Amino acid sequence: MPSKKALVRRPSPRLAEGLVTHVERADVDAELAVRQWEAYGEALRAHGWETIEVGPADDCPDSVFVEDTVVMYRNVALIARSGAESRRGETAAVEEAVAGLGCSVNWIWEPGTLDGGDVLKIGDTVYVGRGGRTNAAGVQQLRAAFAPLGARVVSVPVSKVLHLKSAVTALPDGTVIGHIPRMDMPSLFGRFLPVPEESGSHVVLLGGAKLLMAASAPKTAELFTDLGYEPVVVDISEFEKLEGCVTCLSVRLRELYV
């Protein structure tokens, strides 16, 4: 049976020190960030998701971006090894959480690096961004973990944004959405819909026609509404200053054995 569980992690008190790579650093309002994070969790719960709060990693400024720590495929959890060494301390509590949910646990090992934000799953196709945080060895190890389970792993170059899912995500019907100026090779995706705003590239599938997305992409929300979808809008401005998006703030576990 499908599951609707989502791992989340409270922002670190050091959030404002988080890494930035493709944007200029801006002041982060830590108190506002906590309120936005709480509203994000409320939006998930309002649409039938059970949120599971992973133990804090207060010494890791980027730890709120829990998606980067683990990749799920069916009931298998692949613990990531970030290309940013300062983020590698984020995984221990996540590993504990997924093991507690009955997942089979695997790991990315040195010299491999991989961030969960570089992985986009569409059915049994797993796109993996090869860029600043994920290297060739990381892609190979992910393929070794998931291909025996039926996954088709496709490597995608990423150079204009932090992660693959900073550039593209997908609609419920499998159509990939992205903002073309931030994409390396749109032609890699069979069904592709360009969106007018960079943050409109990021959606979390809540179920049915409902799409969780950022308030900073109103034109894209209108486009999705015209296509018959139901945008569920959240303000994540403080996380966007750190290259975060709606996908980064949770790990959705859709195929647990329940």
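These notebook entries record what I looked up in a predicted model.

**Conventions.** I worked with a predicted model in which local features need pLDDT of at least 70 and side-chain atom pairs count only at pLDDT 80 or more, whereas totals for chains, interfaces and linings use all residues. Residues are numbered from 1 along each chain as its sequence is written, and side-chain values use heavy atoms, with hydrogens and water left out.

**Entry 1: the largest pocket.** I looked up the largest pocket and found a volume of about 700 Å³. Its lining has 29 residues, and Lys121, Ile122, Leu205, Arg252 and Arg254 are the closest to its centre. A pocket here is an open set of points on a 1 Å grid over the protein atoms alone, where a 1.4 Å probe fits, with protein on both sides within 12 Å along at least five of seven lines; lining residues have an atom within 4 Å of a point. The volume is the space filled by probe spheres set on the points, which are joined across faces, edges and corners.

Strands (E, at least two residues) and helices (H or I, at least four) are DSSP runs numbered from the N terminus. By class, the lining of the largest pocket divides into 16 nonpolar, five polar and eight charged residues. In this scheme Ala, Val, Leu, Ile, Met, Phe, Trp, Tyr, Cys and Pro are nonpolar, Asp, Glu, Lys and Arg are charged, and the others, Gly among them, are polar.

**Entry 2: the second largest pocket.** I noted a volume of about 220 Å³ for the second largest pocket. Of its 14 lining residues, Glu198, His202, Glu240, Glu243 and Gly244 lie nearest the centre. The lining comprises four nonpolar, six polar and four charged residues.

I followed up Glu243, which lies in the loop between helix H6 (237–240) and S15. Its phi is near 65°, a positive value in a residue other than glycine. Glu243 counts as buried because its relative accessibility is 13%; buried means under 20% relative accessible area, exposed over 50%, and partly exposed in between (1.4 Å probe, protein chains only).

Entry 3: S3 pairs with S4 in the antiparallel sense over four bridges; two strands pair if DSSP finds at least two bridges between them. Tyr73 stands opposite Val76 in S4. The hairpin of S3 and S4 has two residues between the strands, and Arg74 there takes a positive phi near 55°. Arg74 is partly exposed, since its relative accessible area is 34%.

I next examined Asn75, in the loop between S3 and strand S4 (76–79). Is Asn75 buried or exposed? Asn75 counts as buried, because its relative accessibility is 8%. A polar atom of its side chain lies 3.3 Å from the backbone oxygen of Gly102. Leaving aside neighbours within four places in sequence, Asn75 is in contact (heavy atoms within 4.5 Å) with residues including Gly102, Glu255 and Tyr257.

**Entry 4: two glutamates.** I found Glu53 in strand S2 (residues 50–53). Glu53 is partly exposed, as its relative accessible area is 45%. Its side chain joins that of Arg10 by a polar contact of 3.3 Å; such a contact is a pair of N or O atoms within 3.5 Å, where within protein one must be able to donate a hydrogen and the other to accept it, and residues adjacent in sequence count only if both atoms are side-chain atoms.

Glu90 is in the loop between S4 and helix H2 (91–100). Glu90 is buried, because its relative accessible area is 1%. Its side chain makes a polar contact of 2.8 Å with the side chain of Arg87. Residues up to four places away in sequence not counted, Glu90 touches Arg9, Cys60, Asp62, Ser63 and Thr69.

Entry 5: Gly207 has Lys210 as its bridge partner in S13. Two residues separate S12 and S13 in their hairpin, and Gly208 in the turn has a positive phi of about 60°.

Last, I noted a cis peptide bond joining Glu110 and Pro111, with omega about 10°. Most peptide bonds are trans.
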